[in-house]
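Hi,

Here is the structure I promised to send over. Have a look at it first, and then read my notes below.

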Amino acid sequence: MRVGLFLEVPPGDDPIGALREQLAAAAADGFASAWLSNIFHLDALTALAAAGTQISGMEYGTAVVPTYPRHPAALAQQAMTANAALGGRLALGIGLSHKIVIEHMFGYSFDRPARHMKEYLEILLPLVRGEKVKFEGETLKADIALTTPGAGMPVLIAALAPRMLKLAGAMADGTVLWMTGPKTVAGHVAPTIREAAKEAGRPEPRVVCGLPICLTDDPAAARARANEVFHGYGRLPSYRAMLDKEGAEGPGDVAIVGDEDYVRAQLDELAEAGVTDFIGSIYSKADRTREFLKELT
């Protein structure tokens, strides 16, 4: 199981410089990958392309870029440009986002999201392979070819529900998870996505699992802190469904928390469940937690 980091760039006068420092430190520490979310701060693809060009030896991932605000051809062009700038080391993670964001903030319909994702992939995937696409669906259409460099990146979907996991296995290169514990990966995510990939004749998919992590001798306090920091995720329907599957009351119950031996056992459980890439969101006890993760790279 490869080990990477979720990065969070604080607001400031030079966020790109701050991100560059974080990426350089992660690469120097030997992490396999570094991932940036695309919410309401930096545009993840632009920021990674701007900050990561002089840093070698590490994969960069988006976790994730929302699909609805960008036509798939526009996203393909942007992602390929970023991939070219990064020397072919980009993993493009995309996702539906959430109804509250897409409908209430952006003003788009969130109707039939699985249909939307399938049609999105029908356009995006050929383009990022460097192919021409001609497609007309119910909500999206395209008749276009790009000459953009940077083709060939893996595309991962934030897939949690069965239909989305089947799409991720049958069409894409894997899934990017959040707030999804080992029991849910083993009993729901891994078998569904692997079976879909097998039926489609595709390679074994990646299962990239992001979770909060904290090395500590006071796990109860660390779990309580995780519930505070990540409380909003426990109320979003898609993540709430994964927490319920895990039997978790809140984010603190799926956080990777404890001393070195206990955390190592939790990470081993994730690997046995089918996780190929763990990306840690360090939210407390940063020095101790990072030192431990460095030992695993």
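A definition to start: I call a residue buried under 20% relative accessible area, exposed over 50%, and partly exposed in between (1.4 Å probe, protein chains only). Helices (H or I, at least four residues) and strands (E, at least two) are DSSP runs, numbered from the N terminus.

Two housekeeping points. This is a predicted model, where local features need pLDDT of at least 70, side-chain atom pairs count only at pLDDT 80 or more, and totals for chains, interfaces and linings use all residues. Residues are numbered from 1 along each chain as its sequence is written, and side-chain values use heavy atoms, with hydrogens and water left out.

**Helix α9**

In α9 (residues 237–246), the buried residues are Y239, M242, L243 and E246. Looking down the axis of α9, these fall within an arc of 100° (taken from the directions from the helix axis to the C-beta atoms), so they line one face of the helix. After α9 comes G247, with a positive phi near 75°.

**Salt bridges**

I count a salt bridge when a side-chain nitrogen of Lys or Arg is within 4 Å of a carboxyl oxygen of Asp or Glu. That rule gives 20 of them. One is K294 with D29 (3.6 Å, N to O); K294 is in helix α11 (residues 286–296) and D29 in the loop between α1 (15–28) and β2 (33–36), 265 residues apart.

R288 has salt bridges to D217, with the closest N and O atoms 3.2 Å apart, and to E260 (2.9 Å, N to O). E260 sits in helix α10 (residues 260–273) and R288 in helix α11, 28 residues apart. R288 is partly exposed at 30% relative accessibility, whereas D217 is exposed at 63%.

**Around R2**

R2 is in strand β1 (residues 2–7) and is partly exposed, with a relative accessible area of 41%. Beyond neighbours within four places in sequence, R2 is in contact (heavy atoms within 4.5 Å) with A32, R206, T276, D277 and F278.
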